[in-house]
Amino acid sequence: MFVDETAISPSELVELEERYGAHNYHPLDVVIERAAGAWVYDVEGRRYLDFLAAYSAVNQGHCHPAILKAMTEQAKRVTLTSRAFRNDQLPLLYRDLHEMTGFEMALPMNSGVEAVETALKAARKWGETVKGVPVGQGEILVAANNFHGRTISVVGFSSETQYRAGFGPFPAGFRQVAFGDAEALREAITPNTVAFLVEPIQGEAGIIVPPAGYLRQTAQLCREHNVLLMCDEIQSGLGRTGKLFAFEHDGIRPDVCIVGKALSGGFYPVSAVLASREVLRVFAPGDHGSTFGGNPLACAVARAALRVVVEEQLSERSAELGVYALERLRAMQHKVIAEVRGKGLWIGIELTVKARPICEALERRGLLCKETHDTVIRLAPPLVISREDLAWGIDQIDAVLGQSSAGL
Ligand SMILES: *Cc1c(COP(=O)(O)O)cnc(C)c1O
């Protein structure tokens, strides 16, 4: 056991994974051993351009040297104190998050879904203690076709049958409303509604961009009815859509903003709930916590990752490169393309055929993409990608979709 395997083949690695690991994913069979910037390399040295960026967790590019430096330096000093004691990194992350985003307070967690759960708990307690909703009656509205993670409560309000099947019973107190339809939200709000949780642009659903003004109307409705607007920016945030946060496209500021993924540039799971003092002060000592949440290693990594977003102007890059990519994709005449949509460098190509074989054909050409919902290819390259690399990636898509259309 624990021998150093130097001569193990890619197919043996795949077989080990299939034999001993749970099959809760269906990955492409590319076995990656290293990466830098927008490129990843498999165990046989072939290189691939990454058009997924770990679902936008590596907006800063793989193994960004500045984040790596912050991580290794902090790892030599202290990695985990638990929140039983203070550490010298957490206050600095709080200050950076406040100065960068304008939110008054933050609560750090690890995975994205933990931050979502934290926001749900905050909303419920705010409902009872601030809004005055009767105990145990608080209701949270969510959007149809949402994706907020995989815990029992979060899949409990998913519209995806597979995400729920076999995992009930689910907690009560959640109700779905149509996404992109402010009227539907207005009709769903009751005196017991404490929050509306929404992705400004739905990622897993296939990069669904709501009508312009949707979030503005939503924010207005929430204000009128004293309901918290909670934006899940875990995938859409930190530059992905051409703004720091996707809600900025509608000129609004939600009461609660949930961040994760690129908050660490892919080095380490770091997430956070950003909100007003009024919301986050509902948590008193002992109400909520996490052993690793806010640990000094995570904070040092997150601070460096945020700094890269600002210093390398990743939002601006995303906006600019996104216009270019959308233009090129929309100009393609291939029969298999049903629709191209997106914002910034976050694009969904809706196909008339299954997306998986297309992704496999792209892999053979050295481009890594992943399908979502059977017929959509999601493009989300690292935001540090060069225009030349981006153009090359789009060329491969053009070629594969052309071949696929010719076969119809
Ligand atoms: C990825 C994602 C999550 C869940 O994040 P995990 O780190 O996988 O728990 C939640 N919401 C959105 C919008 C996401 O894209």
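A disulfide is a pair of cysteine sulfur atoms within 2.5 Å. In general terms, a disulfide is a covalent bond between the sulfur atoms of two cysteines. The structure shown above is a predicted model, and it holds 0 disulfides. Residue C369 illustrates this point: the nearest cysteine sulfur belongs to C359 and lies 5.6 Å away, so C369 is in no disulfide, given the cut-off of 2.5 Å. C369 counts as buried, because its relative accessibility is 2% and buried means under 20%. Another cysteine, C63, has a relative accessibility of 47% and therefore counts as partly exposed.

The next topic is a sheet. Four strands form an open sheet in the order β11-β12-β15-β14, with antiparallel pairing. At its edges are β11 (337–342) and β14 (370–372), each of which pairs on one side only. From one strand to the next, the twist averages 30°. Strand β14 is joined to β15 (residues 376–379) by 3 bridges, and the two run antiparallel; in β15, I377 is the bridge partner of E371. Helix α12 (residues 314–331) packs on this sheet, where it touches β11, β12 (347–351) and β15. The direction of α12 makes about 170° with that of β11.

Finally, consider N110, which is found in the loop between β4 (105–109) and α5 (112–131). Is N110 buried or exposed? With a relative accessible area of 12%, N110 is buried, because this value is under 20%. Leaving aside residues up to four places away in sequence, N110 touches P269, V270, S271, S290, F292 and G293. With S290, the side chain of N110 makes a polar contact of 2.8 Å.

Technical notes
Residues are numbered from 1 along each chain as its sequence is written. This is a predicted model: local features need pLDDT of at least 70, side-chain atom pairs count only at pLDDT 80 or more; totals for chains, interfaces and linings use all residues. Side-chain values use heavy atoms; hydrogens and water are left out. Buried means under 20% relative accessible area, exposed over 50%, partly exposed in between (1.4 Å probe, protein chains only). Contact means heavy atoms within 4.5 Å. A polar contact is a pair of N or O atoms within 3.5 Å; within protein, one must be able to donate a hydrogen and the other to accept it, and residues adjacent in sequence count only if both atoms are side-chain atoms. Two strands pair if DSSP finds at least two bridges between them. Axes are lines fitted to C-alpha atoms, for helices over the stretch in contact, and angles run from 0 to 180 degrees between N-to-C directions.
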